[in-house]
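I opened the notebook to look up charged pairs and surface patches. The entries follow in the order I made them.

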Amino acid sequence: MGLFDDDDTPRPATSGVMVGEPLTNLSIHELNEHLEHLEQLKAEIVRVENEIETKSSANSSAESFFK
């Protein structure tokens with residue numbers, strides 16, 4: 001048990017499909033689960049990009065103020 005095992009941060013469930021894995025052997029159910037997981041990842045990408053934009057704007061404002 002590691003030092004950070006108590007982390008309660010929500011994590012999306014993985015679909016069990018590895019990126020680049022051949023899809024031909026997966027069932028329709030497995031493909032749909034994988035698709036749902038990819039949609040969660042897309043939403044997370046947008047969330048992270050928005051946070052980067054927010055922090056970049058704040059950083060730019062701070063840099064302008066202290067020039």
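Entry 1. I began with Lys42, which forms a salt bridge with Glu39; the closest N and O atoms are 3.3 Å apart. This is a predicted model, and I read it as such. Lys42 and Glu39 are 3 residues apart in helix α1, so about one helical turn separates them. I looked up the cover of each partner. Lys42 is partly exposed, with a relative accessible area of 48%, and Glu39 is partly exposed too, at 41%.

Entry 2. I asked how many salt bridges a search of the whole structure finds. I noted 3.

Entry 3. I turned to Glu44 and Arg47, whose side chains meet in a salt bridge at 2.8 Å, N to O. Glu44 and Arg47 also sit 3 residues apart in helix α1, about one helical turn. Is Arg47 buried or exposed? I found Arg47 exposed, because its relative accessibility is 55% and the cut-off for exposed is over 50%. Glu44, at 33%, counts as partly exposed.

Entry 4. I then checked Glu51, which forms a salt bridge with Lys55, with 3.9 Å between the closest N and O atoms. Both residues lie in helix α1, 4 residues apart, about one turn of the helix. Glu51 is partly exposed at 41% relative accessibility, while Lys55 is exposed at 55%.

Entry 5. I left the charges and looked for nonpolar surface. Leu35, Leu38 and Leu41 make a nonpolar patch of about 230 Å². I placed Leu38 in helix α1, which covers residues 28-65. Leu38 has 33% relative accessibility and counts as partly exposed.

Technical notes
Residues numbered from 1 in each chain as written. Predicted model: local features only at pLDDT ≥ 70, side-chain atom pairs only at ≥ 80, totals over all residues. Heavy atoms only, no water. Patch = residues over 30% accessible without salt bridge, like charges linked within 9 Å, V, L, I, M, F, W, Y side chains within 5 Å. Areas by Shrake-Rupley, 256 points an atom, 1.4 Å probe, with all protein chains shown as cover. Salt bridge = Lys/Arg side-chain N within 4 Å of Asp/Glu carboxyl O. Helix = DSSP H or I, 4+ residues; strand = E, 2+ residues; numbered from the N terminus. Buried < 20%, exposed > 50% of the residue type's maximum accessible area, 1.4 Å probe, protein only.
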